Amino acid sequence: MGFFDLFKKKKDNSQEPLSTEQQVAVEQQKAEEQQAQKEELSAGLQKTKEGFFSKLARAVAGRSTVDADVLDDLEEVLITSDVGVETTVKIINHIEERIARDKYMNTSELNAILRDEIAQLMEESHSSQQDFGLEVKEGTPYVMMVVGVNGAGKTTTIGKLAAQLTKAGRKVYIGAADTFRAAAIDQLAVWAERAGATMIRQEMGSDPASVAFDTLKSAVANCADVVLIDTAGRLHNKVGLMNELTKIRNVMAKVIPDAPHEVMLVLDGSTGQNAFEQARQFTQATQVTSLTITKLDGTAKGGVVIGISDQFHIPVRYIGIGEGIDQLRIFDRHQFVDALFGEKK
């Protein structure tokens, strides 16, 4: 139990206010934890940062003003950093507008302008840090259906999310509805145990919608707070992905009328432009309401976060920056930009 947890427990039990010394200690620990998180995020995005800025430095080397040649080179830098063509064109157009308005812009200003443009393009999906960014309400389980291709980190993300929610004191149920791969069910069982969550499963090859139905029924009966439903990344029969996901949604709505409350698409950030295609396919197959971008720590392709958020107008809820159970982070666009460009002075 941490220092802050000790005093939090004391306050919860006795309702006694913290002393001035205790309040100072709590605030100090909060500040230290926030700083540690910033440093870990910066380390997780280091490859993207190094790749982007080495290209940017070459683009502006020996030049004093941002002219047409610099913008051409910047366009190449953004595209080769996996930001995506459409988003790159949007950024370049905005910079051209600023040059036309200000009449003059030197290359030393470019970083500041880029960070502002990128921050404005990205969307994020969380109301607060409570319940790890989810809008959990008392009395009815918050239901999240998780979709994505095999290998994107879907199962791992579910396990990490469950761990954060149980750490926050929430009762979590997991539905193993990816019934076409025995390995997926077994892997999910390991994560559920590590996270302290309850997993509902059936035999391999069972109807995924049946698993989802059983999970929600059990979650309601046992007063669960959150339900996470894993789904197949691809199907081993002739049923279309859209039909299968629609069936799962319809079955869940029979138990909880407005379920699922969220459909989260998990994308592998290290796949670069392939992540765009995955997003396109899944947004056509079902109504995706949030994104998680994984494996950003092992790639220089972190620019996909910018492009996908902008092009699909779907908020990014989480990013994965490591294998550890606590290395799933609530996405904050300002922290993301700070990690890439450094904090504003």
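User: At 32% relative accessibility, does arginine 280 count as buried, partly exposed or exposed?
Analyst: The model is predicted, with local features needing pLDDT of at least 70 and side-chain atom pairs pLDDT 80 or more, while totals for chains, interfaces and linings use all residues. Numbering starts from 1 along each chain as its sequence is written, and side-chain values use heavy atoms, without hydrogens and water. Buried means under 20% relative accessible area and exposed over 50%, with partly exposed in between (1.4 Å probe, protein chains only). At 32%, arginine 280 is therefore partly exposed.

User: Which residue meets arginine 280 in a salt bridge?
Analyst: A salt bridge puts a side-chain nitrogen of Lys or Arg within 4 Å of a carboxyl oxygen of Asp or Glu. Here the N to O distance is 3.1 Å. The partner, partly exposed at 36%, is glutamate 277.

User: How many residues apart in sequence are the parts that aspartate 268 and lysine 295 tie together?
Analyst: Their side chains form a salt bridge at 3.4 Å, N to O. Aspartate 268 is buried at 9%, whereas lysine 295 is partly exposed at 33%. Because aspartate 268 lies in strand E5 (262-268) and lysine 295 in the loop between strand E6 (290-294) and helix H12 (304-312), the separation is 27 residues.

User: In the salt bridge of arginine 170 and glutamate 138, how far apart are the closest N and O atoms?
Analyst: Arginine 170 is buried at 12%, while glutamate 138 is exposed at 61%. Both belong to a network of salt bridges that also links Asp131 and Asp225. The closest N and O atoms of the pair are separated by 3.0 Å.

User: What is the angle between the planes of phenylalanine 52 and phenylalanine 341?
Analyst: Rings of Phe, Tyr and Trp (its six-membered ring) pair if their centres lie within 6.5 Å; planes under 30 degrees apart are stacked, over 60 edge-to-face and the rest tilted. Phenylalanine 52 is buried at 10%, as is phenylalanine 341 at 15%. The pair is edge-to-face, with centres 6.1 Å apart and a plane angle of 70°.

User: Over the face of which residue does arginine 194 lie?
Analyst: A charge counts as over a ring if NZ of Lys or CZ of Arg is within 6 Å of the ring centre and within 35 degrees of the ring normal. At 4.5 Å from the ring centre, arginine 194 lies over the face of tryptophan 191.

Notes. Helix = DSSP H or I, 4+ residues; strand = E, 2+ residues; numbered from the N terminus.
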